[in-house]
Amino acid sequence: MPSLSSPTYLITGGCGFIGSNFTLMARQQNWSRIINLDAITYAANPANLSALANDEDYVFVKGSIGDRHLVEQLFEKYKPDGIINFAAESHVDRSILHPDSFINTNILGTHNLLEETLNYWNNIDSSKQKEFRFLHVSTDEVYGSLDANDPPFEETTPYDPRSPYSASKAASDHLVNAYHHTYGLPSLITNCSNNYGPYQFPEKLIPLIILNCLNLKPLPIYGDGQNIRDWLYVEDHCQGIYNVMTNANIGETYNIGGQTERTNIEVVHTICNILDELKPKPDFSYSSLITFVKDRLGHDRRYAINCNKIKKDLNWQAQESFPTGIRKTIQWYLEHPTWIEQVCSGEYQNWIQTNYKKSEGSIN
Ligand code: TYD
């Protein structure tokens with residue numbers, strides 16, 4: 001029987017990278033029942049959650065956040081106590097080539113979800129209304145790009161998105177805030193830095209580099225490799241989301257970051273060094289595969305997050321340092337060759353061809 005004590009959360013995008021990690025943690029730690037609404041786009045993988053196959057407190061529903069009728073039915077059937085919106089198109093390079101799906105999912109989809117949530121929330125009893133939360137998971141990229149000496153992004157930093165991806169996430173954040181201020185919807189927003197860890201689709205830097213090393217393929221570094229990102233281990237991020245969901249005041253925004261700034265070339269060298277140790281090849285270093293390629297259009301130079309607010313208000317602190325988190329991540333990929341095989345299907349191969357063909361000194 002489903003447990004009666006823990007709340008029911010409707011999770012969108014629970015088969016994606018961050019959503020899968022959150023769902024697994026939520027069930028392992030009994031944070032909540034989970035109803036997972038996922039459209040199973042190219043980056044989603046239901047097999048991420050195969051450990052929950054016999055869990056009565058986990059329900060998977062295939063569908064899009066843009067499907068109004070389906071979302072309405074889910075509210076009616078499961079009567080959730082909260083929603084966490086992970087569903088999003090999230091890869092900057094794809095947004096540069098094909099912005100449409102970013103506008104559809106991130107802006108129109110979020111708007112649809114907000115409308116249906118508001119209808120539901122307006123019609124539940126007042127005690128449930130008080131406890132209900134709509135948490136929107138967003139990105140630090142909405143704040144724009146920093147120069148080397150700029151202070152890190154704070155929750156009050158003005159929005160200045162610069163890619164179709166970050167512009168679509170900024171629009172969705174504004175809609176969430178608008179539904180809070182206009183209609184009183186009890187919403188929350190989190191803006192995170194670059195996540196890494198198990199189950200990340202290998203179009204993003206860290207898993208792409210790990211897989212290319214394992215396949216002895218060139219390691220593509222955009223531009224001069226000096227762009228800086230702040231890296232957050234995905235389980236730390238999920239814990240932060242849970243703290244915000246359960247303890248933050250409604251209408252608040254929290255930045256969640258790993259306080260681990262690294263240039264891209266440093267990240268790639270770190271991965272190569274760990275693989276030299278864990279999967280050595282005689283007279284060979286993985287770093288010899290490093291290949292500088294043409295820069296991404298409009299490439300943001302630096303992201304960095306000040307996460308003092310979540311530390312102070314919600315007693316959250318990242319547990320994983322970059323050296324420990326990246327080692328765990330590499331080990332996970334080494335131990336999951338079948339998962340890698342599954343996700344590196346035809347669609348993935350097409351993407352690699354399209355994205356890296358445009359680079360001078362083509363790498364594939
Ligand atoms: P990415 O993982 O795509 O995340 P984001 O663009 O959202 O920060 O990229 C991280 C950094 O790595 C970014 O500066 C772009 C760079 N990068 C490369 O140099 N080569 C690659 O093949 C990819 C995918 C990214």
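Buried means under 20% relative accessible area, exposed over 50%, and partly exposed in between, with a 1.4 Å probe and protein chains only. This is a predicted model, where local features need pLDDT of at least 70, side-chain atom pairs count only at pLDDT 80 or more, and totals for chains, interfaces and linings use all residues. Residues are numbered from 1 along each chain as its sequence is written, and side-chain values use heavy atoms, with hydrogens and water left out.

**View 1. Ser288 sits in the loop between H9 and strand E12 (290-293).** Helices (H or I, at least four residues) and strands (E, at least two) are DSSP runs, numbered from the N terminus. Is Ser288 buried or exposed? Ser288 has a relative accessible area of 52%, so the residue is exposed. Leu334 lies 46 residues from Ser288 along the chain. The C-alpha atoms of these two residues are separated by 20 Å.

**View 2. Strand E8 (residues 219-222) pairs with E12.** Two strands pair if DSSP finds at least two bridges between them. E8 and E12 have 4 bridges and run in the parallel sense. Leu219 stands opposite Ile290 in E12. In a regular strand, side chains alternate between the two faces of the sheet. In E8, Leu219 and Ile221 point one way, while Pro220 and Tyr222 point the other way. All four are buried.

**View 3. Three strands make an open sheet in the order E7-E9-E11.** The pairing is mixed. Strand E7 (194-196) and strand E11 (261-263) are the edges, each pairing on one side only. Neighbouring strands are turned by 50 degrees against each other on average, direction ignored. Axes are lines fitted to C-alpha atoms, for helices over the stretch in contact, and angles run from 0 to 180 degrees between N-to-C directions. E7 and strand E9 (residues 228-233) run parallel, joined by 3 bridges. Here Asn195 stands opposite Leu232 in E9. E9 and E11 run antiparallel, also with 3 bridges. Asp230 stands opposite Glu261 in E11.

**View 4. Strand E9 is covered on both faces.** How many of the residues of E9 are buried? The count is 6 of 6, so E9 is largely enclosed by the rest of the structure. One side carries Ile228, Asp230 and Leu232. H8 lies across E7 and E9, at about 70 degrees to E9. Helix H9 (residues 264-278) packs on the sheet, touching E9 and E11. The direction of H9 makes about 85 degrees with that of E11. Contact means heavy atoms within 4.5 Å.

**View 5. Helix H1 (residues 17-28) crosses helix H8 (residues 234-247).** Their axes come within 9 Å and cross at roughly 65 degrees. That makes H1 roughly perpendicular to H8. Angles under 35 degrees count as roughly parallel, over 145 as roughly antiparallel, 65 to 115 as roughly perpendicular and the rest as oblique. H1 contributes Phe17, Ile18, Asn21, Phe22 and Met25 to the contact. H8 contributes Val234, Glu235, His237, Cys238, Gln239, Ile241 and Tyr242.

**View 6. Helix H2 (residues 68-78) packs against helix H4 (residues 100-122).** The angle is about 35 degrees, with the axes 10 Å apart. From H2, the contact uses Arg68, Val71, Glu72 and Phe75. From H4 come Asn112, Leu113, Glu115, Glu116, Thr117, Asn119 and Tyr120.

**View 7. Seven strands form an open, parallel sheet.** Their order is E3-E2-E1-E4-E5-E6-E10. Strand E3 (58-62) and strand E10 (253-256) are the edges. The twist averages 20 degrees from one strand to the next. Strand E2 (residues 33-38) and E3 share 5 bridges. The bridge partner of Asn36 in E3 is Phe60. H2 packs on this sheet, touching strand E1 (8-12), E2, E3 and strand E4 (82-85). Helix H6 (residues 164-183) lies across strand E5 (133-139) and strand E6 (187-192). H6 runs at about 155 degrees to E5.

**View 8. Helix H7 (residues 205-214) is mostly covered.** Of its 10 residues, 8 are buried. Among them are Ile206, Leu208 and Ile210. Leu216 follows H7, and its phi is positive, near 50 degrees.
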